[in-house]
Amino acid sequence: MIRQQIIALFLAGSVALPSCGLVKTPAEKVSEQIAALSDLSPITEFSILEAEEAYEALSDDEKEEVKNAEGIAEARERLEEQRAESRRMNARQLYAGKWVELAEVLGINRPIVYWFGPLTLSEPGIGESDGSEWKWDVSEDGKELTLSGNRGKVTLEAVRDGAFTELRDPKGRYVLLREEEAESYVKARFVKFDVSADNIGDIMGLPVCAGPILDEKDKPTGNSAWIQPSRKIDDGLVYYGRSEDFYYTLVVNGNTAEEWRLDYPFDSLSAPEWTQFRRGSSAGGTLVFIRQAFVTDNHMTDGRTRTLTLSDGMKYTTSQNWYVDVVDYQGREY
């Protein structure tokens, strides 16, 4: 009798269990699994796959009972955002450090288009230069840096050039190098000459008459263009830039001898065709040449400018006082 009562009580209890809410339907279980995704930080691919597989295992009727199924797509979107931020963090670590501008390293005079000074980038996304503070970030592909500060917004292209990393102005006006790589970069590409009256003749030839200068009506003006050739072009060196204090002098024998002070190398001069030139008494400053192996094109344009196209894709233009109506640039490269 007692045994029968125990069995009866057990059966009665088991029948009552569903009413206690302890057993969930498959749809309810999946709904809770999807809801839990929103609390995961960081979220993982595995957790999303588990929820997707559980949802796909339901029947069509059971799927209709899952009211938060869109939570799977939202979780995957969060995962992609998380991965993108991780890539940006890794890129920020890659570019963190101190950067210096190439022209400053070379000590050459350039147009004032770069005003950072040495640029320090820290991993949290803060940059500093000459007392100014910048916020900076990197594109997901790691190929572009964006700096924002009180001087506006600046975009830099990140390029790997052989063993070196360059941060370039998109218009090709300046290049930033890692401070610790700058010396090796310069040594591989450039040759510098400290100029004096004793060695200027080894670097530049005396002016050579290139022909008469014509006016707008194609009539002779009475003066000729004189071209100063480079003695380094045959050594595989192409003129790249000069220091701000560069100068040299030429003695001009016209009716009366006089000494001209000139600030630009390889410039053309305007003088009568019977003029005679010889070296002056002084010269100073620095001239910088780039090795020919790093130059893919060297030509003069009609705008009286010379453009170098370098092997890393950069274009570097220098203006000279060439007279394009009489000068054949071929064979006069410098």
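**Group meeting: helix packing, a cis proline and a cavity**

Hello everyone, let me start with a proline: P42 is found in the loop between α2 and α3. Please keep in mind that this is a predicted model. What is the form of the peptide bond from S41 to P42? That bond is cis, and its omega is near 0°.

Helix α2 covers residues 26-37, and its axis lies 10 Å from that of α3, at an angle of about 155°. Angles over 145 degrees count as roughly antiparallel, and α2 and α3 are therefore roughly antiparallel to each other. The crossing of α2 past α3 is left-handed. Which residues meet there? From α2 we have V30, Q33, I34 and L37, and from α3 we have S47, I48, E50, A51, A54 and Y55. Sorted by class, this contact has seven nonpolar residues, two polar ones and one charged.

Helix α3 has another partner to show you. α3, residues 45-56, and α5, residues 70-95, have axes that come within 10 Å and cross at roughly 165°. α3 and α5 are therefore roughly antiparallel to each other as well, and their crossing is left-handed. On the α3 side, the contact is made by E45, I48, L49, A51, E52 and Y55; on the α5 side, by I72, A75, R76, L79 and R83. How do these residues divide by class? Seven are nonpolar, four are charged and none is polar. If you have the structure open, do look at I48, A51 and Y55 of α3: they take part in the contact with α2 and also in the contact with α5.

Two elements give two or more residues to the lining, namely α7 (179-189) and β20 (315-319). What is the make-up of the lining by class? It divides into 11 nonpolar, two polar and five charged residues.

One last stop, for those who like backbone angles. F266 sits in the loop between β14 (257-262) and β15 (268-271). Its phi is near 60°, a positive value in a residue other than glycine. For context, most residues other than glycine have a negative phi.

Notes:
Residues are numbered from 1 along each chain as its sequence is written. This is a predicted model: local features need pLDDT of at least 70, side-chain atom pairs count only at pLDDT 80 or more; totals for chains, interfaces and linings use all residues. Side-chain values use heavy atoms; hydrogens and water are left out. Axes are lines fitted to C-alpha atoms, for helices over the stretch in contact, and angles run from 0 to 180 degrees between N-to-C directions. Helices (H or I, at least four residues) and strands (E, at least two) are DSSP runs, numbered from the N terminus. Angles under 35 degrees count as roughly parallel, over 145 as roughly antiparallel, 65 to 115 as roughly perpendicular and the rest as oblique. A crossing is left-handed if the near helix is turned anticlockwise from the far one by less than a right angle, and right-handed if clockwise. Contact means heavy atoms within 4.5 Å. Ala, Val, Leu, Ile, Met, Phe, Trp, Tyr, Cys and Pro count as nonpolar, Asp, Glu, Lys and Arg as charged, and the others, Gly among them, as polar.
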